[in-house]
Amino acid sequence: MGKLSVNLCGIELDNPIIPASGTFGFGYEFAEIYDINILGTFSFKGTTKDARFGNPTPRIAECTAGMINAVGLQNPGVDRVISEELPKLKKCFNKPVMANVSGFSVEDYAYTCEKLDRCWQVGWLEVNISCPNVHGGGMSFGTDPKSASEVVKAVKKVTKKPVIIKLSPNVTDIAEIAKACEDAGADGISLINTLLGMRINLKTKKPIIANTMGGFSGPAIFPIAVRMVYQVANAVKIPVVGMGGVSSAEDVIEMMLAGATAVEVGAANLVNPYACRNIINDLPNTMEKYGIDNLRDIIGGVNNG
């Protein structure tokens with residue numbers, strides 16, 4: 001059997017499969033249907049300083065080969081995540097978890113990360129500077145190298161845990177922003193977050209999403225994600241976590257060949273709650289099919305010749 005383990009920012013993962021934030025809750029919901037310890041880890045629901053109700057409904061629109069969502073970072077706030085959600089998770093998950101953090105100011109990011117830094121269950125801080133579904137924050141930090149750098153520097157001052165910056169694809173030069181994050185001290189980069197999308201109801205002639213626009217995800221964005229992972233992996237020396245339309249073991253291998261050390265699975269979890277378990281179970285046979293003995297050996301191994 002091939003070797004599935006990888007090392008992400010100094011922490012060993014049994015395999016590279018990570019359910020993406022916003023598609024796996026706080027884990028214990030999925031633990032009711034299968035043993036989530038099979039996962040490399042998972043990125044829990046985006047957490048902010050204060051509780052958020054999120055955007056008005058409807059928040060979801062179906063698309064060809066994908067979906068649009070504008071949930072708006074609904075979450076109970078960092079204090080309740082620490083006091084209520086993490087204790088529940090402790091009962092069903094015995095590995096370090098990835099904490100996904102969002103904010104509306106540099107101070108917000110620093111505050112929330114400092115709180116989560118004290119939690120022994122948290123292995124990494126995935127700092128989301130790329131959410132397209134909120135006003136006054138989120139993606140605005142991820143579209144400007146200077147703003148991205150400011151967030152990274154502020155977070156690095158308050159935590160000893162690895163900081164992985166989640167980037168937006170809604171930019172002209174993704175590599176430039178990734179490099180700015182690396183120069184500011186980021187320990188890793190994750191990408192891509194959703195693309196900005198919109199649907200219109202032909203009968204009412206109104207946007208289907210109450211927020212008008214939302215994040216487009218699903219298989220349709222996979223080629224864009226592979227391209228951006230490749231660009232960033234060739235621009236930085238820190239690990240890259242790839243995501244965007246991943247739904248199979250073949251997709252995982254392709255993403256790793258592009259340069260990803262680990263791979264997050266997002267929308268596929270909303271279509272099939274067993275998606276990540278199935279991908280992990282399929283990986284050994286898929287590796288054998290393509291003559292791969294060790295996943296670490298294929299990271300960035302795309303052959304341009």
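In β8, I164 is the bridge partner of E126. Strand β7 (residues 122-128) and strand β8 (residues 163-166) run parallel and are joined by four bridges; two strands count as paired if DSSP finds at least two bridges between them. The names follow DSSP runs, numbered from the N terminus, with helices being H or I of at least four residues and strands being E of at least two. Please keep in mind that this is a predicted model, in which local features need pLDDT of at least 70 and side-chain atom pairs count only at pLDDT 80 or more, while totals for chains, interfaces and linings use all residues. Residues are numbered from 1 along each chain as its sequence is written, and side-chain values use heavy atoms, with hydrogens and water left out.

**The parallel sheet**

β7 also pairs with β6: the two run parallel, joined by five bridges, and V101 has V127 in β7 as its bridge partner. Seven of the seven residues of β7 are buried, where buried means under 20% relative accessible area, exposed over 50% and partly exposed in between, with a 1.4 Å probe and protein chains only.

Both strands belong to an open sheet of seven strands, ordered β3-β15-β14-β9-β8-β7-β6 with parallel pairing. Because β3 (17-19) and β6 each have a single partner strand, they stand at the edges, and one side of each is left without a neighbour in the sheet. From one strand to the next, the twist averages 30°; such angles run from 0 to 180 degrees between N-to-C directions, and the axes are lines fitted to C-alpha atoms, for helices over the stretch in contact.

Helix α3 packs on this sheet and touches β6 and β7, with its direction making about 170° with that of β7; contact means heavy atoms within 4.5 Å. Together, β6, α3 and β7 form a right-handed β-α-β unit. Right-handed here means that, with the strands pointing away from the viewer, the path from the first strand over the helix to the second runs clockwise.

Elsewhere in the sheet, β9 pairs with strand β14 (residues 240-242) in the parallel sense over three bridges. There, L191 stands opposite G242 in β14.

Helix α2 (residues 78-90) has a bend of about 30° at E84, and the proline P87 follows within four residues. The bend at a residue is the angle between axes fitted to the seven residues ending there and the seven starting there. The buried residues of α2 are V78, V81, E85, L86 and L89. Their cover includes α1 (28-31), β6 (97-101) and α3 (106-117).

A154 sits in helix α5 (residues 145-156) and is buried, with a relative accessible area of 16%. Leaving aside residues up to four places away in sequence, A154 touches V106 and A110. Its C-alpha atom is separated by 13 Å from that of D183, 29 residues apart along the chain.

**Backbone geometry to check**

Most residues other than glycine have a negative phi, and most peptide bonds are trans. The table gathers the exceptions picked out here.

| Residue or bond | Feature | Value |
|---|---|---|
| T57 to P58 | cis peptide bond | omega near 0° |
| L191 to I192 | cis peptide bond | omega about 10° |
| C9 | positive phi | near 55° |

P58 lies in the loop between α1 and β4, and I192 in the loop between β9 (188-191) and β10. C9 is found in the loop between β1 (6-8) and β2 (11-13). L73 has its place in the loop between β5 and α2 and counts as buried at 12% relative accessibility.

**Cysteines**

How many disulfides does a search of the whole structure find? The search finds zero, a disulfide being a pair of cysteine sulfur atoms within 2.5 Å. The sulfur of C92 is too far for a bond because the closest cysteine sulfur, in C276, is 15 Å away. For C113, the closest cysteine sulfur is in C119, and at 11 Å it is too far for a bond. C113 counts as buried, at 0% relative accessibility.
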